[in-house]
Amino acid sequence: MLQIEIDNGSGFCFGVTTAIKKAEEELAAGKTLYCLGDIVHNGMECERLRQMGLVTINHDDLQTLHNAKVLLRAHGEPPETYELARRNNIEIIDATCPVVLQLQKRIKKQYESGAGQIVIFGKKGHAEVLGLVGQTNGNAIVIESFSEVVKLDFTRDIYLYSQTTKSLDEFHRIIEYIQAHMAPGASFKSFDTICRSVANRMPSITQFASRHDLILFVCGRKSSNGKVLFSECLRVNANTHLIEGPEEIEPSWLEGIETVGICGATSTPKWLMEQCHDAILRL
């Protein structure tokens, strides 16, 4: 008898849950609501909300939008977005995650003090990172991985922050490298700004992936957090497949399998994992 388990620890984080709840409340009231960028990096959840009336726009669209209501998703936005909204008489529904908002404030305060290099460990072009870099008028240095740390100027003070969903282990490797290479007289400070509700999923998903014959990691392919967690599942269980929805499940994967584990990212809705569960039963 095939056993299927959905990981209790997977699913929306607090920030995403709050953003979606705010969107649903506005849409339930029958109001026109725009969202700046995909509300979550999951195509099927975005489609569900689109059918409820949510209109996704980009930054170019925002330039020409006036007298409207716009939701800012959990990733956060740079200061110029708020300024543009003010000029265009746009009402902002701010769903920026409190963890991201606090990080923005810390980076802004550090930048305004005028000291050293502000370095952000994060994905270039990611919505959250654009919001963080925006606090420094575009002057922060972004490094995507440990391999890029060599491009820093170790003769100048360095203040290191991290995108909230990056790998804690890699962040610590970067810290150790910088500490070992700082020039005499230059100072280094690091600030662990990785969200614990995300970081704490790593050990639990490791255990989950190791106890099943087959792992289906359900996730939008644009999710940064999903890439980190999927890589960890694959590391401990080579029989791991990333899928965006139940239609991607291959019947051949189930041959000779006794247990299947279904898990996902902080951007993966529970209902989607349940759909995958039901699809396996049908197969």
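Predicted model: local features only at pLDDT ≥ 70, side-chain atom pairs only at ≥ 80, totals over all residues.
Residues are numbered from 1 along each chain as its sequence is written, and side-chain values use heavy atoms, with hydrogens and water left out.

Back to the strands, which are DSSP runs of E with at least two residues, just as helices are runs of H or I with at least four, numbered from the N terminus. β10 (residues 214-218) and β12 (residues 259-264) pair in the parallel sense over five bridges; pairing requires at least two DSSP bridges between two strands.

Now the whole sheet. It is open, has four strands in parallel pairing, and its order is β1-β12-β10-β11. β1 (3-6) and β11 (240-243) are at the edges with a single partner strand each, so one side of each has no neighbour in the sheet. On average, neighbouring strands are turned by 20° against each other, direction ignored.

And the helices? α9 (residues 201-210) lies across β1, β10 and β12, at about 155° to β12. α11 (residues 270-282) lies across β1, β10, β11 and β12, at about 160° to β12. Those angles run from 0 to 180 degrees between N-to-C directions, with axes fitted to C-alpha atoms, for helices over the stretch in contact.

Last stop: P269, in the loop between β12 and α11. Is P269 buried or exposed? It is buried (under 20% relative accessible area, 1.4 Å probe, protein chains only), at 1%. Leaving aside residues up to four places away in sequence, P269 touches F12, N42 and E45, where contact means heavy atoms within 4.5 Å. Thanks, all!

Note on methods
Buried < 20%, exposed > 50% of the residue type's maximum accessible area, 1.4 Å probe, protein only.
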